[in-house]
Every structure is written in structure tokens, then in C-alpha cells.
Amino acid sequence: MSSRPLRQRSGFWWALFAAIVIVGAGASFIGISVVHPPSTATASTGSVRPQADPTPTPTFDMRKYTINSPASRWVVVDKLRPLNPIGYIPPDLVHVSIASTFSTTLRREANSALVTMQAAFKRSHTSYGLVVHSAYRSYKTQQAVWDGDYNLTAKPGYSEHQTGWAVDLGAKSGKCSIYECFGALTEGVWLAANSYKYGFILRYPKGMQNVTGFQYEPWHFRYVGVELATEMHNRGIKTLEQFFGLPNAPKYNRWGH
Ligand SMILES: [Zn+2]
């Protein structure tokens with residue numbers, strides 16, 4: 001009477017143990033299959049991921065130029081950081097020296113850098129060329145440009161174009177003007193990879209709308225100088241907001257909106 005129930009109990013515990021093993025293995029299998037798709041999906045949507053190499057160059061001086069004055073080549077303008085003063089006009093605007101779809105101006109230093117960049121591009125791509133679609137835009141011009149689309153155009157007083165440091169570039173061929181497909185053209189690919197050597201950054205990279213406030217604009221380049229553009233490139237930091245530790249600026253605040 002005592003041995004049989006013991007065997008039965010022993011059989012019960014073995015069955016329970018086997019069940020735990022099977023359920024455990026099943027759970028870990030499910031766990032693997034559940035965990036992986038979201039991480040793949042995150043990568044494919046281009047969400048913000050940790051930076052490649054956050055180690056600063058020892059000689060790089062983060063405070064060399066202010067990020068607050070619109071006259072500074074390092075000024076950060078976004079949906080939380082309007083130009084101050086809001087009606088600012090740059091001091092040294094010159095007509096852009098490369099082909100443009102209409103007459104437009106840039107700050108002298110940005111224009112010189114653009115000329116150098118165009119020459120470098122044409123040296124390696126003789127049948128191609130860059131054109132300027134838009135560069136400096138005054139507060140008043142931006143009023144006319146702003147169409148109420150919060151994702152693609154900036155409100156007057158909140159546009160980098162008003163600093164005289166930003167330029168919208170296109171292909172001489174006219175293909176994909178101010179369209180995302182510009183990023184896949186020879187011109188767009190070259191600019192994204194090489195513009196930092198001439199002091200320009202792709203200001204609104206893909207997947208960074210929650211940081212910059214703007215969707216991917218492969219045509220919009222911002223002059224910040226070779227020093228900063230190279231430091232950002234070397235550290236794999238794509239936006240000015242992240243580089244300078246500023247808050248994400250996906251939307252205008254309650255005063256700007
Ligand atoms: Zn632009």
C-alpha cells in the first residue's frame with residue numbers, strides 16, 4: 001500500500017518535471033521569436049539608435065562658437081529655437097556662385113564652401129553638377145513659403161534658411177528636385193557622404209524627425225564649418241540637437257504653434 005502510491009507520486013513528479021521542461025523550452029522558443037521581430041522593425045524604420053562613437057576629439061572645443069546667435073556658424077535653429085532676433089538679417093549675403101534655379105544669396109563663407117564642394121564633385125563626376133534651388137530666405141519670404149505643413153516647411157522666424165547658412169541643392173539634370181528620391185541620385189549620395197569635408201551637414205537625416213522636427217530632406221544642407229561637420233561625422237552624430245545635447249524638437253511649443 002505504501003510502495004504503489006509512492007511510485008505513482010514519483011511518476012507524477014517526473015511528469016511535472018517533463019512538463020516544465022517542455023513548457024520552458026517552448027517559452028524560450030516563443031521568447032526568441034517574439035523578441036526579434038520588433039528589434040528588426042525598429043532598425044528598418046530608422047528610429048534613433050545609440051551613436052556609433054561618442055568619444056569626442058580631445059582638441060575639439062565645444063564652446064568655440066555660440067549656438068544661440070543667428071550670426072554664428074554653429075547656431076541651432078529648430079522648432080524650439082527660433083532666430084533671436086526673430087527678424088534677423090545676415091550681414092554678408094552674396095549671390096550664390098554656382099548655378100541656381102533662381103537668383104538667391106548665401107553668407108559669403110557658405111558660398112565659398114559651396115563653390116569648393118561643387119568643384120570637388122565635378123572633378124569626380126564630370127557630366128554631373130549641383131544646382132541651388134533655395135538658399136537665404138528672409139522672414140518675409142518665409143512667410144510666403146510656409147504653407148502650414150509643419151513637417152516640411154518652417155514657420156517664419158524658425159527657418160535655418162533665414163540664417164544664410166542653409167542651402168537646398170539639386171541635380172543639374174533636374175531629377176527629383178526637392179523630392180526624397182534626390183537622396184538616391186549620384187548627386188545626393190555623394191553629398192551625403194562628402195559634404196562634411198566642405199563644412200556642410202545633411203540637416204534633416206532619415207529617421208530623425210522626432211529630433212529635428214522635419215522629415216528626411218536629402219537636399220537641405222547646412223553650413224557649420226569643416227571643424228564641426230568633421231567632428232559630427234567622425235563621432236557618427238547626425239543632428240545638431242544630439243551633438244550639443246539639446247532637447248528633441250519634434251513640434252513647436254505652445255508659443256510657437
Ligand atoms: Zn531647405
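Colleague: What makes Asp168 and His220 buried or exposed?

Modeller: Both Asp168 and His220 are buried. Buried means under 20% relative accessible area, exposed over 50% and partly exposed in between, with a 1.4 Å probe and protein chains only. This is a predicted model, where local features need pLDDT of at least 70, side-chain atom pairs count only at pLDDT 80 or more, and totals for chains, interfaces and linings use all residues. Residues are numbered from 1 along each chain as its sequence is written, and side-chain values use heavy atoms, leaving out hydrogens and water.

Colleague: Which residues are the protein donors of the zinc ion, and what makes them donors?

Modeller: Donors are N, O and S atoms within 2.8 Å of the metal (3.2 Å for Na, K and Ca); water is not among the atoms, so sites may look incomplete. His161 (NE2), Asp168 (OD) and His220 (ND1) lie 2.0 to 2.1 Å from the zinc ion, so they count as its protein donors. Asp168 in strand β4 and His220 in strand β6 (residues 220-223) are 52 residues apart and link distant parts of the chain. Strands (E, at least two residues) and helices (H or I, at least four) are DSSP runs, numbered from the N terminus.

Colleague: Why is β4 called largely enclosed?

Modeller: Six of the six residues of β4 are buried, so the rest of the structure largely encloses this strand. Ala166, Asp168 and Gly170 cover one side, with Val167, Leu169 and Ala171 on the other.

Colleague: How do you know that β4 pairs with β6?

Modeller: Two strands pair if DSSP finds at least two bridges between them. Three bridges join β4 to β6, so these antiparallel strands pair.
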